[in-house]
Amino acid sequence: MEQIDLNDGTADRFLLDAPGLSLVVFHSRTCPNCRLARERLPDMALSVHRLCWVDAGDNGGLVQRYEVFHLPAMFLVRDGAFYGPVQASLQEWDIRQQIRLALDSYPAALP
């Protein structure tokens with residue numbers, strides 16, 4: 001699974017142009033659960049093409065636009081369309097289920 005670090009300047013263009021499913025994960029270097037997410041997510045058999053990491057401490061514009069209130073925070077984007085938050089524990093079965101539920105909703109424009 002591809003992994004990419006995004007920031008305030010690169011996220012919009014990348015997510016609009018990226019084909020397939022992108023799981024956008026907001027994290028912080030000082031957050032223990034975020035470190036766990038960085039370790040576990042790449043090894044999970046998720047139905048996404050890429051993990052997009054956003055450091056919440058360095059990218060306040062994205063944090064504000066995506067209305068991130070807790071970390072780690074995950075959001076789903078497919079072919080440039082926003083499918084909303086993926087509110088799940090860091091368990092593979094839960095994330096997979098929440099991705100399926102998010103894809104059942106109507107897409108919106110990126111925040």
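This report describes selected strands, residues and a pocket of a predicted model.

Residues are numbered from 1 along each chain as its sequence is written, and side-chain values use heavy atoms, with hydrogens and water left out. Because the model is predicted, local features need pLDDT of at least 70 and side-chain atom pairs count only at pLDDT 80 or more, whereas totals for chains, interfaces and linings use all residues.

Helices (H or I, at least four residues) and strands (E, at least two) are DSSP runs, numbered from the N terminus. Two strands pair if DSSP finds at least two bridges between them. Strand β4 covers residues 73-78, and five of its six residues are buried, so the strand is largely enclosed by the rest of the structure. Here buried means under 20% relative accessible area, exposed over 50%, and partly exposed in between (1.4 Å probe, protein chains only).

Strand β2 (residues 21-27) runs antiparallel to β4 and is joined to it by six bridges. Within this pairing, S22 has V77 of β4 as its bridge partner. Strand β5 (residues 81-85) is also antiparallel to β4, through four bridges, and V77 stands opposite F82 of β5. A hairpin is formed by β4 and β5 with two residues between them, and D79 in the turn has a positive phi of about 50°.

**Residues in their surroundings**

The relative accessible areas of several residues are listed below.

| Residue | Relative accessible area | Class |
|---|---|---|
| R50 | 6% | buried |
| C34 | 1% | buried |
| C52 | 0% | buried |
| P72 | 15% | buried |
| D12 | 27% | partly exposed |

R50 belongs to strand β3 (residues 50-55). The side chain of R50 makes a polar contact of 2.8 Å with the side chain of S22, the residue whose bridge partner in β4 is V77. A polar contact is a pair of N or O atoms within 3.5 Å; within protein, one must be able to donate a hydrogen and the other to accept it, and residues adjacent in sequence count only if both atoms are side-chain atoms. Contact in general means heavy atoms within 4.5 Å. Not counting residues up to four places away in sequence, R50 touches residues including M1, E2, F14 and S22.

P72 is placed in the loop between α3 (60-65) and β4. With residues up to four places away in sequence not counted, P72 touches V25, F26, N33, C34 and A37.

D12 lies in helix α1 (residues 11-17). Its side chain is joined to that of R65 by a polar contact of 2.5 Å. Leaving aside neighbours within four places in sequence, D12 is in contact with R65 and L110. D12 and L110 are 98 residues apart in sequence, yet 7.7 Å apart in space, C-alpha to C-alpha.

**Cysteines**

The structure holds zero disulfides, a disulfide being a pair of cysteine sulfur atoms within 2.5 Å. The sulfur of C52 is 16 Å from the closest cysteine sulfur, in C34, which is too far for a bond.

**The largest pocket**

The largest pocket has a volume of about 160 Å³. On a 1 Å grid over the protein atoms alone, a pocket is an open set of points where a 1.4 Å probe fits, with protein on both sides within 12 Å along at least five of seven lines; lining residues have an atom within 4 Å of a point. Grid points are joined across faces, edges and corners, and a volume is the space filled by probe spheres set on the points. Among the lining residues are R65, Y66, H70, F75 and Q87. Strand β4 gives the most to this lining, with three residues.
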